[in-house]
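Subject: Structure handover

Hi,

Here is the structure I promised to pass on.

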Amino acid sequence: MSVLIFVDQAEGQIRKASLEALSYGVALAKQIGTTANAVVLGNLAKNAADLGSYGVSKVYHGESDTFNTMDAQAYTNAIMEAVQKSNAEVIVFSHNQTGRAVAPRIAAKLKAGLVAGAVALPDTSNGFAVRKSVFSGKAFANVAITSPVKVITVNPNSFRIAETGSETAQVEKLDATADNAKVKAATVNKVQGEVPLTEAEIVVSGGRGMKGPENWGILEDLAHSLHAALACSRPVADAHWRPHHEHVGQTGIQVSPNLYIAVGISGAIQHLAGVNRSKVMVVINKDAEAPFFKAADYGVVGDLFEIVPKLTEEIKKLKG
Ligand code: FAD
């Protein structure tokens with residue numbers, strides 16, 4: 001019995017959200033007194049054995065060029081091979097795009113209970129209960145998994161990455177390749193900004209108050225100065241001011257950064273549904289009655305076209 005963590009990579013680099021899931025899985029293995037192993041697919045810029053420094057004993061590596069383009073079915077087949085080889089009892093994913101696509105397939109194949117979007121380690125004192133946020137971050141639920149095999153996806157930015165030392169892990173190659181997995185669909189082009197939105201620690205988001213796409217330069221400057229990802233409200237994406245993959249909210253992407261800066265966004269309930277898991281929210285709006293101020297930790301009442309460039313200037317000064 002063991003814990004198996006799926007470690008996601010993009011262009012050979014391990015994703016930050018996956019390292020959080022990895023640390024979660026290693027801590028869980030320690031808690032239940034078992035070993036932690038990882039599975040990684042595609043070509044890595046670094047040696048797969050280096051994942052040992054996060055506390056895993058073994059890394060199952062599916063090294064095939066075709067794994068560099070994500071196909072949920074091919075990934076599922078390869079991960080299933082690693083599950084069987086490691087005799088895994090708990091399988092952990094990040095709650096990112098790949099984890100959300102693959103974890104339910106693994107759970108269905110293993111007839112395992114799945115908790116999506118865990119925010120803390122399971123309580124194993126009496127069963128196996130996993131804490132997750134519900135109702136768009138308004139409440140928490142402790143969900144018990146009663147099946148022998150368990151699958152968990154971990155919310156990005158909910159668990160700290162912990163390097164445990166400089167050990168190297170044993171690497172075992174997987175037989176599965178994307179070629180023999182009857183691939184029916186593959187990701188051919190990943191649209192991504194400077195910082196992936198779901199993994200960003202800081203998000204700078206613009207709404208209809210920005211007046212038009214030609215004004216986004218001031219938000220790009222602010223985002224760049226903070227190494228932040230850009231996001232927008234739904235009407236902004238609907239009007240084609242910004243691409244749809246930046247739209248956050250009930251019908252868009254859900255984010256949980258450490259800092260969310262909302263610029264010219266009124267704070268409608270459907271927008272808040274996607275952002276209210278942020279640790280700190282700062283709102284810049286010229287209308288002191290805007291509903292967003294009720295949800296915000298800090299608010300600036302004023303004209304964004306004056307405030308944002310000044311804010312960027314001050315941040316640049318602080319960073320030298
Ligand atoms: P507005 O509500 O028009 O607000 C613009 C704000 O900018 C105002 O508060 C204004 O005071 C401020 N402003 C204007 N000029 C300036 C200035 N110069 N300086 C400072 N502030 C300024 N919305 C989402 O965002 N995400 C979703 O996922 C989503 N899903 C939805 C699902 C459904 C079923 C429905 C019905 C709606 C959904 N919406 C969603 C839409 C949502 O209800 C709001 O209409 C939308 O969030 C408003 O976007 P906004 O805040 O950018 O625009």
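Among the residues that line the second largest pocket, 8 are nonpolar, 14 polar and 6 charged. That pocket has a volume of about 500 Å³. Its lining is made of 28 residues, and those closest to the centre are G207, R208, G264, I265 and S266. Several elements contribute at least two residues each to this lining: the helices α5 (234-238), α6 (269-275) and α8 (304-319), together with the strand β15 (280-285).

Before you go further, please keep in mind that this is a predicted model. The average pLDDT over the chain is 92, and 96% of the residues reach at least 70. For the complex, the predictor reports an ipTM of 0.99 and a pTM of 0.80.

Now to the ligand. There are 26 residues around it, and K211, S233, T251, S266 and N285 come nearest.

- K211 places a polar side-chain atom 2.7 Å from a nitrogen atom of the ligand.
- S266 has a polar side-chain atom 2.7 Å from an oxygen atom of the ligand.
- N285 has a side-chain N or O atom that is 2.7 Å from an oxygen atom of the ligand.

How much of the ligand's accessible area does the protein cover? On its own the ligand has 990 Å² of accessible area, and the protein covers 76% of that.

Best wishes

Note on methods: Residues numbered from 1 in each chain as written. Predicted model: local features only at pLDDT ≥ 70, side-chain atom pairs only at ≥ 80, totals over all residues. Heavy atoms only, no water. 1 Å grid on protein atoms, 1.4 Å probe; cavity = no way out; pocket = protein on both sides within 12 Å on 5 of 7 lines; lining within 4 Å. Points joined across faces, edges and corners; volume = space filled by probe spheres on them. Helix = DSSP H or I, 4+ residues; strand = E, 2+ residues; numbered from the N terminus. Nonpolar A, V, L, I, M, F, W, Y, C, P; charged D, E, K, R; others polar. pLDDT = per-residue confidence, 0-100. Near = heavy atom within 4 Å. Polar contact = N/O pair within 3.5 Å; in protein donor to acceptor, adjacent residues only side chain to side chain. Areas by Shrake-Rupley, 256 points an atom, 1.4 Å probe, with all protein chains shown as cover.
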